[in-house]
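I opened a new notebook page for this structure.

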Amino acid sequence: MKAPNSTCAIRSTCPYCGVGCGVVLGPDGQGGLDVRGDKSHPANFGRLCSKGTALGETVSLDGRLLAPRVHGEDTDWDSALGLVARKFSEAIAEHGPDSVAFYVSGQLLTEDYYVANKLMKGFIGSANIDTNSRLCMASTVAGHKRAFGTDTVPGTYEDLDEADLIVLTGSNLAWCHPVLYQRILANRKKRPEQKLVVIDPRRTASCDLADLHLPVKPGADVALFNGLLAEIEKRGLIDREFAEHVTGLDEAIEAAKADDLSVTGLSDDLLAEFYALWCGTEKVVTIFSQGVNQSSSGTDKVNAITNCHLATGRIGRAGLGPFSVTGQPNAMGGREVGGLANMLACHLDIENGDHRKAVGDFWSAPVIPEQAGLKAVDMFRAVGEGKIKALWILHTNPAVSMPDADKVREAIAGCDFVVVSDITEATDTARLAHVLLPATGWGEKSGTVTNSDRIISRQRAVLPAPGEARPDWWQLAEVGRLMGYGGAFDYASPAEIFREYAALSGIAGGFGKDFDISGLKDLSDAEYDALEPTRWPVSEGKQGGRFFADGKFFTPDGKGRMWPVSWKPPASKTELRYPFRLNTGRVRDQWHTMTRTARAPRLNAHLGEPFIEIHPDDASARGIGPTSLVEVTSPNGKAILRAMITDRIAPGEIFAPMHWTGENAPAARIDALVAPVTDPVSGQPESKAAVAQIKPFEAA
Ligand code: SF4
């Protein structure tokens, strides 16, 4: 790869995962984009994974949506947005504000998210705005709020360098957050004494260099960490001084002791080895991700982990703490501006009257809803029931990526009025839209994102917006103006939006909340443009550090909360008809439903077609040979996938990636097999413990 032309080099961030790597972009001399890792960015120090390295191959205009479209015909912005504003206003006038909804995405920049949230919650008067981040980290948000009083990641990436033990649970970091995994491996070369434990039902790539792999039964994480808490207590390792700052200790221990460890499926020796390692190491970071979150008991799993760290005071200091890694590039930014149906902007609570009044006054909003809106699964259920009359979907593909996807597709197809903002009209969801709005894509848009360790980074435009494409914040603000909300949406630039949002965060700070970036509220346009990666909080007296080592939490009594949790089996039960436990996930070189990564030939070379991992014993018992096609059925749907026979998966379990969904693989839509069951606290779907049957595929 050639060096970028330094006179044109622009620093930005990768649009894929929550590691939030910095990139340096420049022309490649052939009309394309040269992409390199940003050596000065604290998330990656110049490293990039295969997806980040191939970014330059994904920016062609092939298949781009270049003009607004209404009922399949190109039109102008005034006509398209006028129709959107009229249809939303009519639905609200006739059926009330809860008859409309926005379904947004962790791909949005923070400024886009902020305007969408302000429009829906402050002016339309409904909280029906939810995000595909609900599928990614909602259980962590709920678990953090239970334990800490706010949704706060206590630590930083530097803790991975300083830890003596790193535990990955429900996280295939090697494939899903590769640069963080590379960071751990590089550090282990310098500090070979650092240990790595992987807790995962599958023997994933993250296990290859691990000191210990615990192939836990799907969904048994609560029992595993409850066993750890009981062991901590048995060994006299409760930090009694720190426990003064924590409530619920006795109840959590009692619940932990009552759990049956046999549900983990792990041998006594393996359990003893893990518990001895954890208990015997002060500096432990427990990283968790989708394997914990995507569960009907995801919130309890998060709290089973935080309980162990709170009990031992292993939180908020260098080299230790519970650490959630987010899936999407701006899942964290969306959380910060209230992109979830149950949150208000800046980590304030929609159900708190003082918070509502403060935000309402700040926005001069006519109304703020008093209750949470519909979370993702419930939102599409309401669409299917005809309760949502107008739906705006931005940068996500729920027709194939939601659980029970075939029903979701039917629901969207039957909705009275559907708007989709995207860079392409080729997604399954875009094909169902009455109005298609061409959005600017990565490399063309400007704003900020926040990564897993709270670093706010700039995404900068390096390419011109093609055709009539416009930023999402602009589209939302225009509709707000056309709906009669006037000056509240009179933004000229993302910098203006960011300043408003930073000023609003000062209100959250005033309520004693952690999230406060009011130190950035007076940035000039030039300073915003030049903003260096900055970890929040950023306000007077607070600067980007760790949280909670001082024993001060954001709960009403200021104490951390240990939460009594007990193991519950996955919601879907295996039975004679559906004897397999179906796990879904990602592969190393693809992202979401492949709308971008499929454009890079070298990424398709890694794993070129949809597949299903089957244990050799299960394959042979069913007459499934290597590379044969397999019919996978569940109570919710059917898929045809290529067999990958491997002992990396346990007998009785199967795994399939969720990426292949489009016209190139319509029979491989794995989310159609996933039941729409959710965690009762977080609303996050259980995407890793569906039930299914497999048999050789026979063409009709
Ligand atoms: Fe992009 Fe994530 Fe890879 Fe970094 S690790 S380059 S953010 S996909």
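Before the first helix pair, I noted a term: a crossing is left-handed if the near helix is turned anticlockwise from the far one by less than a right angle. I also noted that this is a predicted model.

**Entry: H16 and H18**

I started with helix H16, residues 376-384, and helix H18, residues 405-414. How far apart are the axes of H16 and H18, and at what angle do they pack? I found the axes 8 Å apart and the angle at about 50°. That angle makes H16 oblique to H18. The crossing of H16 past H18 is left-handed.

Next I listed who touches whom. H16 brings Phe380, Val383 and Gly384 to the contact. H18 brings Lys407, Val408, Glu410, Ala411, Ile412 and Gly414.

**Entry: H8 and H13**

I turned to helix H8, residues 221-234, and helix H13, residues 298-312. Their axes lie 8 Å apart, and the packing angle is about 15°. Is H8 roughly parallel or oblique to H13? Angles under 35 degrees count as roughly parallel, so H8 is roughly parallel to H13. H8 also passes H13 in a left-handed crossing.

I wrote down both sides of the contact. From H8 come Asp221, Val222, Phe225, Asn226, Leu228, Leu229 and Ile232. From H13 they meet Asp300, Lys301, Ala304, Ile305, Asn307, Cys308, Ala311 and Thr312. In the contact of H8 with H13, I noted nine nonpolar residues, three polar and three charged.

I traced an open sheet of five strands in the order E10-E9-E8-E12-E13, and its pairing is parallel. Which strands stand at the edges of this sheet? They are E10 (212-214) and E13 (321-324). Each has a single partner strand, so one side of each is left without a neighbour in the sheet. On average, neighbouring strands here are turned by 20° against each other, direction ignored.

Inside this sheet I looked at E8, residues 165-169, and E12, residues 284-288. They pair in the parallel sense over five bridges. Valine 167 has threonine 286 of E12 as its bridge partner.

**Entry: the seven-stranded sheet**

I then followed an open sheet of seven strands, ordered E5-E4-E16-E15-E14-E6-E7, with mixed pairing. Its edge strands are E5 (73-74) and E7 (129-131), and each pairs on one side only.

I picked out E6, residues 100-104, and E14, residues 390-394. Four bridges join them in the parallel sense. Tyrosine 103 is bridged to isoleucine 393 in E14.

**Entry: strand E27**

My last stop was E27, residues 653-657. Why is E27 largely enclosed by the rest of the structure? I found four of its five residues buried, so the rest of the structure largely encloses the strand.

I checked its partners. E23, residues 580-585, runs parallel to E27, and five bridges join them. Leucine 582 is the bridge partner of isoleucine 654 in E27. E24, residues 611-614, pairs with E27 in the antiparallel sense, over two bridges. There, glutamate 613 is bridged to phenylalanine 655 of E27.

Methods
Residues are numbered from 1 along each chain as its sequence is written. This is a predicted model: local features need pLDDT of at least 70, side-chain atom pairs count only at pLDDT 80 or more; totals for chains, interfaces and linings use all residues. Axes are lines fitted to C-alpha atoms, for helices over the stretch in contact, and angles run from 0 to 180 degrees between N-to-C directions. Angles under 35 degrees count as roughly parallel, over 145 as roughly antiparallel, 65 to 115 as roughly perpendicular and the rest as oblique. Two residues are in contact if their C-beta atoms, placed from the backbone, lie within 7 Å. A residue is buried if 20 or more other C-beta atoms lie within 10 Å of its own, exposed if 12 or fewer, and partly exposed in between; C-beta atoms are placed from the backbone. Two strands pair if DSSP finds at least two bridges between them. Ala, Val, Leu, Ile, Met, Phe, Trp, Tyr, Cys and Pro count as nonpolar, Asp, Glu, Lys and Arg as charged, and the others, Gly among them, as polar.
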